[in-house]
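Visitor: I would like to learn how to read a protein structure. Could you walk me through one, step by step?

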Amino acid sequence: MDAISVIRTKRDRGELSPEQIDWVIDAYTRGEVADEQMSALAMAILLNGMNRTEIARWTAAMIASGERMSFGALSRPTTDKHSTGGVGDKITLPLAPLVAACGAAVPQLSGRGLGHTGGTLDKLESIPGWRALLSNAEMLDVLDTTGAVICAAGDGLAPADKKLYALRDVTGTVEAIPLIASSIMSKKIAEGTGALVLDVKVGSGAFMKTIEDARELASTMVALGTDSGVRTVALLTDMSTPLGLTAGNALEVRESVEVLAGGGPKDVTDLTLALAREMLDAAGLKDADPEKALADGSAMDVWRRMISAQGGDPDAPLPVAREQHVVTAPSSGVLTRMDAYGVGVAAWRLGAGRARKEDPVQAGAGVELHAKPGDTVTEGQPLLTLHTDTPEKFEYALKALPGAYDIAPAGTPFTATPVVRERIA
């Protein structure tokens, strides 16, 4: 078996055999297949696709590249959530402690930013002292004592995915449905959670731009989970507009804490509650009341314990970017569109994301929104504030924003797109 023959098979629109898939995943994990060869294969998969048999085998090979965890010793049922990524998607931060406050255990293995979309670990690392890397023993201890843990997947869990995940980010192959599905589900199945809710984003700021592609990805992942004995359901959620009023690491942590305190933007709260209900239902906790857990402060209590348990200081001031630039409304009227992709690219260019897998991110960089679609704006009022430590990035970031928003004359009717568009089980 050799890498070139595997690449050629998929390049020529052939079906990879089980033996080819098993070999190439194992060889890539061991370093026998080089990054440039796996890059070529990933691009061939993006362009030519994979059938269900190939995706299932690819996922199984990713799982087999490492260890599998078990939470059988926990007294609580386990339930987890995964988002396919969006702009301003800070939902994991309030969601994990909220679901834990309702009686479930939430082992949330999260990732870093991909392209213009933010990463949960990057966000949480803006909290002074917080650690993303935990041993399996540490992860289980945090989960057992607080009910929720958000951390990086250990080196032993689907190591093939860890290598491929970073490679996809810098080779333009993030959007490949087979690679997204297998990446997500290999980690989640190996993680050992009993139930899984998938938040599949659709819209300009998502990797799935159309509802048809989002359905295909959701259906593929639900089938992979169900076939592996994990109770799996997916919600298709809107990502044509950024979630909440912030896109950036420390900015989103601040907004998440506002949600846990009973405030925050309505769309963030609504989606957090919708996903919490699905997670609790899948875990068999149908009578739990997540809205009450937000209102009575119990979710905030879990958040503080969870952050502290991973070395973070929940009371420490969050980093603030040294420089700001305000974008004002060019006219008065009704804001009818705020493009998630444009805002996400601007945040990425300001330093909130990475262009290469080894790049650092700026904790304080990002974009703050002062209006959402449906709001009335006045000419000259602040529409967006750009945050960065490196002011030379403003010019490049601003180039992402022309055409990223529309302002219609006052009185123009506006109908908002629902945050949750479909459910697939």
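Guide: Let us begin with pairing: two strands pair if DSSP finds at least two bridges between them. Helices (H or I, at least four residues) and strands (E, at least two) are themselves DSSP runs, numbered from the N terminus. Here, strand 7 (residues 323-328) and strand 11 pair in the antiparallel sense over six bridges.

Visitor: What kind of model is this, and how are residues numbered?

Guide: This is a predicted model, where local features need pLDDT of at least 70, side-chain atom pairs count only at pLDDT 80 or more, and totals for chains, interfaces and linings use all residues. Residues are numbered from 1 along each chain as its sequence is written, and side-chain values use heavy atoms, with hydrogens and water left out.

Visitor: Which residue stands opposite valine 326?

Guide: Threonine 385 in strand 11 stands opposite valine 326. Strand 11 also runs antiparallel to strand 9 (residues 366-369), joined by four bridges. There, valine 367 has leucine 386 of strand 11 as its bridge partner.

Visitor: Where do side chains point in a strand?

Guide: In a regular strand they alternate between the two faces of the sheet.

Visitor: How many residues of strand 11 are buried?

Guide: Buried means under 20% relative accessible area, exposed over 50%, and partly exposed in between (1.4 Å probe, protein chains only). Strand 11 (residues 382-388) is mostly covered, with six of its seven residues buried. For the protein, 56% of the 425 residues count as buried.

Visitor: Now a single residue, please. Is leucine 350 buried or exposed?

Guide: Leucine 350 sits in helix 15 (residues 340-352). With a relative accessible area of 0%, leucine 350 is buried.

Visitor: What does leucine 350 touch?

Guide: A contact means heavy atoms within 4.5 Å. Leaving out residues up to four places away in sequence, leucine 350 touches several residues, among them Val367, Leu386 and Phe394.
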